[in-house]
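Work through the exercises below with the sequence and the coordinates side by side. Try each task before reading its solution.

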Amino acid sequence: MVVLSKLEHFPYLNKNCIANNLLYGIPLIDLSKPDSKQLIVKACEDFGFFKVINHGVPMDFIRRLESEAIKFFSLPLSEKEKAGPANPFGYGNKQIGENGDIGWVEYLLLTTNSEFISESFKSVFGDNPDKLRLALNDYILAVRKMTCEILELMAEGLKIQPKNVLSKLLMDEQSDSVFRLNHYPPCPELGSENLIGFGEHTDPQIISVLRSNNTSGLQISLRDGSWISVPPDQDSFFINVGDSLQVMTNRRFQSVKHRVLANSLKSRVSMIYFGGPPLCEKIAPLPCLMEGEESFYKEFTWFEYKKSAYKSRLSDNRLGHFEKIAA
Ligand SMILES: C=C1C[C@]23C[C@@]1(O)CC[C@H]2[C@@]12CC[C@H](O)[C@@](C)(C(=O)O1)[C@H]2[C@@H]3C(=O)O
Ligand SMILES: O=C(O)CCC(=O)C(=O)O
Ligand SMILES: [Fe+2]
């Protein structure tokens, strides 16, 4: 009885979830189904997180980028360091950001401006400089298209118009979007202890789209503060609500706190597209969602938020400074 009453509140839990006893499972959105709009909104309200299937991103693009990423991370450290340090873009190892955060991870952080990619990584991919760049371009374009479809379904589910009110920010030539390849090497000395791969945080942008290989490690925090592990699925994407979307929905959606724990046996490779608006864009609740409500936030631009976010530590509540009254 208890189980049934809880399931009623989580309509996206499919039969598999029930069969596998994943009562506190991850919301699953099938983009090919007509009810996806409403389920996206419900998932963003309840979790700020969901998994997407039937996404339309060609598997070939995904496999090609993963294989190029593995080739890159397999290079000698001295070669990889030619693309570093990450300030914030470039190759980074263990140091995350510039404010003292450390994780069991190495990464490549890139702006989605392709000119920068080719210039900055020429030295690293000496014998075949185009392969990683081409794989990145194909992947990012296809993932951005899918992300825009999701944002349009979300707008329709929220009954806001025009439906491209969110997606146009990612399609803008000036969109300040970022892409990240993360590699978490196995850590055999770990035993049963948890080692932080990527410490708990929320993503500052509008929306993040994560794909990983089949190695576990990602965890999300539920509204009650407990952590759940997200079963890996290399054929699907995982979507995070970012801080900017929390503000644009005046807290109807909340950005999801997440982290990655290192694995003792297997390496994890993840690729994340962080969809951000142009730097000059005002980040404020969408008027059509307000219905006479007061905004919880002071007025600010993405430039102002980003500047402040990049001075913060990973686990800080970055939106705190921008709230009218502390949450
Ligand atoms: C500690 C930090 C790393 C980060 C910038 C920051 O000062 C706080 C936010 C961090 C984060 C989290 C999501 C993305 O991975 C990221 C690229 C972003 O936009 O904000 C990282 C930043 C980073 O690694 O530089
Ligand atoms: O690598 C992952 O799986 C998640 C990393 C992450 O949250 C981030 O880079 O912001
Ligand atoms: Fe993140």
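**Exercise 1.** How many helices and strands are there in the protein?

*Solution.* Start with the ground rules. This is a predicted model: local features need pLDDT of at least 70, side-chain atom pairs count only at pLDDT 80 or more, and totals for chains, interfaces and linings use all residues. Residues are numbered from 1 along each chain as its sequence is written, while chains are lettered from A and ligands numbered from 1 in the order in which they are written. Helices (H or I, at least four residues) and strands (E, at least two) are DSSP runs, numbered from the N terminus. The protein has 10 helices and 14 strands.

**Exercise 2.** State what share of the protein is buried.

*Solution.* A residue is buried if 20 or more other C-beta atoms, placed from the backbone, lie within 10 Å of its own. Of the 327 residues, 39% pass.

**Exercise 3.** Check the span of helix H7 (residues 130-157).

*Solution.* Take 1.5 Å times one less than the number of residues. For the 28 residues of H7, the span should be 40 Å. The end C-alpha atoms are 40 Å apart, so the two values agree. Now step past the helix: just after H7, Lys-159 has a positive phi of about 60°.

**Exercise 4.** Describe the open sheet that contains S8.

*Solution.* Two strands pair if DSSP finds at least two bridges between them. Here 4 strands line up as S6-S11-S8-S9, with antiparallel pairing. S6 (196-201) and S9 (227-229) are the edges; each has a single partner strand, so one side of each lacks a neighbour in the sheet. Neighbouring strands are turned by 25° against each other on average, direction ignored (axes are lines fitted to C-alpha atoms). Zoom in on one pair: S8 (residues 218-221) meets S9 over 3 bridges. Ser-221 has Trp-227 in S9 as its bridge partner.

**Exercise 5.** Which strands each supply at least two residues of the shell around ligand 2?

*Solution.* A residue is near a molecule if its C-beta atom, placed from the backbone, lies within 6 Å of it. The strands are S5 (178-184), S7 (207-212), S11 (258-261) and S12 (268-275). Residues around ligand 2 include Arg-180, Phe-198, Asp-203 and His-258.

**Exercise 6.** Which residues come nearest to ligand 1?

*Solution.* Of the 17 residues around ligand 1, the nearest are Pro-88, Gly-97, Asp-101, Asp-203 and Leu-314. Strand S4 (101-111) and S5 each supply at least two residues of this shell.

Definitions and conventions
Buried ≥ 20, exposed ≤ 12 C-beta atoms within 10 Å, placed from the backbone. Axes fitted to C-alpha atoms, helices over the stretch in contact; angles between N-to-C directions.
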